[in-house]
Amino acid sequence: MADPMFNKPARIDILIGAEIFFDLLSIGRIYLNERLPTLQKSILGWIVAGKAEECLAPSHKINNMLVNHNHNENENLSQLVEKFWKIEQISTKSNFLTEEEEECEKIFRESIRRDTSGRFITKIPFKTTVSDLGGSYNAAKRRLLSLERRLSRDRSTRDAYNAFMDEYLSLGHMTIVEEADMNKIKYFAPHQYVLRPDSTSTKLRVVFDCSCKTDSGLSLNEVMMKGPLVQDDLLSIILRFRCYKYAITADVTKMYRQAWVTDDDANYQTILWRSSSDENIKGYRLRTITYGTTSAPYLATRCLKQLSEDYIDKYPIGSRKVLSDFYMDDLISGSNDEDEIFEIYNQVSAIMNSAKFKLRKWFSN
């Protein structure tokens with residue numbers, strides 16, 4: 001038997017989810033009759049389930065079967081089942097955070113603030129090993145010189161790269177490091193380009209390699225906390241989306257770059273750059289949440305969650321949609337009511353605009 005002491009009442013030892021349960025079943029099932037339980041062979045032994053009327057001796061026949069538990073046992077069982085349901089619910093978001101994820105959340109909650117324009121400013125959640133980062137200037141310089149040689153062979157790509165970096169600078173997303181402050185820099189990240197010919201917005205994107213190791217053997221990404229998942233998984237969002245009569249979608253313009261990191265943390269997000277080989281190489285601090293860092297997805301999506309919490313009273317419909325219907329920077333939502341679609345559009349736009357998360361590419365049926 002799967003439970004050799006099946007005939008003796010006892011507390012429940014473990015609850016097994018459906019994803020494991022069917023892996024435990026083996027070939028072998030015995031049907032007795034409609035008044036008797038079914039016998040099922042499993043990896044753990046035989047399982048007995050079903051009616052038990054004819055299993056009882058004639059003197060013990062009863063019309064209603066009743067199982068009694070004392071008060072404390074019943075409470076413990078209730079708590080166990082509730083915890084089990086929370087674990088089993090359809091979502092990749094964990095209801096139980098690891099110690100590191102708890103620490104990551106704590107850093108965010110204690111450091112998050114907004115500037116006078118409404119833009120978020122957050123700290124990067126570093127591990128204690130951040131102090132073990134070694135030198136990175138020489139590796140970043142070698143990569144820059146190699147990049148320049150590649151760009152020199154393709155003028156159109158070089159011009160697009162320069163235009164990308166010029167925009168970064170003009171928007172204030174990076175700022176030059178004065179020579180006197182170069183000793184404050186903690187990490188230099190190499191960068192390269194990715195071409196996306198089919199993109200309707202940016203054909204060339206510059207990506208930052210924060211996995212490049214320093215001379216101590218550690219990279220910036222290795223000393224950052226990843227953070228927990230704060231958005232629903234894509235399957236859940238799509239399933240809800242398919243149930244609506246009216247659909248509505250949009251995405252956030254340059255989402256990662258709409259939130260700042262603190263000035264101190266920007267010293268860990270520095271690059272080397274010059275638009276021409278005739279110029280001197282200079283350092284530039286990246287002031288925004290930076291694509292390519294371990295914590296970037298968490299920080300960006302956590303800002304959206306914070307927005308939904310901040311505006312739940314003022315914009316209840318929009319806040320719920322910001323919390324549940326965003327997958328990274330994509331809004332995938334809808335409603336069965338036509339008037340509510342316009343309310344979703346207005347409220348979500350107001351919430352997102354308040355933090356400079358401008359939505360674009362609005363579509364609806």
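Met182 sits in the loop that links strand 6 (174-176) to strand 7 (191-195); helices (H or I, at least four residues) and strands (E, at least two) are DSSP runs, numbered from the N terminus. The model is predicted, so to speak of local features takes pLDDT of at least 70, and side-chain atom pairs count only at pLDDT 80 or more, while totals for chains, interfaces and linings use all residues. Residues are numbered from 1 along each chain as its sequence is written, and side-chain values use heavy atoms, with hydrogens and water left out.

Leaving out residues up to four places away in sequence, Met182 touches Tyr137, Val177, Phe188 and Gly283, where contact means heavy atoms within 4.5 Å. Met182 and Asn267 are 85 residues apart along the chain, with 9.2 Å between their C-alpha atoms.

On to the chain overall: it has 10 helices and 15 strands. Of its 365 residues, 38% are buried, that is, under 20% relative accessible area, with exposed being over 50% and partly exposed in between (1.4 Å probe, protein chains only). Among contacts with a separation of 6 or more, 69% join residues 24 or more positions apart.

Next comes an open sheet of 4 strands, ordered 13-14-9-15 with antiparallel pairing; two strands pair if DSSP finds at least two bridges between them. Strand 13 (326-327) and strand 15 are the edges, each with a single partner strand, so one side of each has no neighbour in the sheet. Helix 10 (residues 338-353) packs on this sheet, touching strands 9, 13, 14 and 15, and its direction makes about 150° with that of strand 14. Helix 6 (residues 234-243) lies across strands 9, 13 and 14, at about 35° to strand 14. Axes here are lines fitted to C-alpha atoms, for helices over the stretch in contact, and angles run from 0 to 180 degrees between N-to-C directions.

Strand 9 (residues 246-252) has 5 of its 7 residues buried, so the rest of the structure largely encloses it. Its antiparallel pairing with strand 14 (residues 330-335) runs over 6 bridges, with Tyr246 partnered by Ser335 and Ile248 opposite Ser333. With strand 15 (residues 359-364) there are 4 bridges, also antiparallel, and Asp251 has Arg360 as its bridge partner.

As for the nonpolar core (buried Ala, Val, Leu, Ile, Met, Phe, Trp, Tyr and Cys residues joined through side-chain atoms within 4.5 Å), the largest one has 69 residues, and Phe326 and Met352 are among those with the most contacts inside it. Helix 8 (residues 296-310) supplies the largest share, 7 residues. Beyond its neighbours within four places in sequence, Phe326 contacts residues including Ile237, Val252, Leu304 and Met352.
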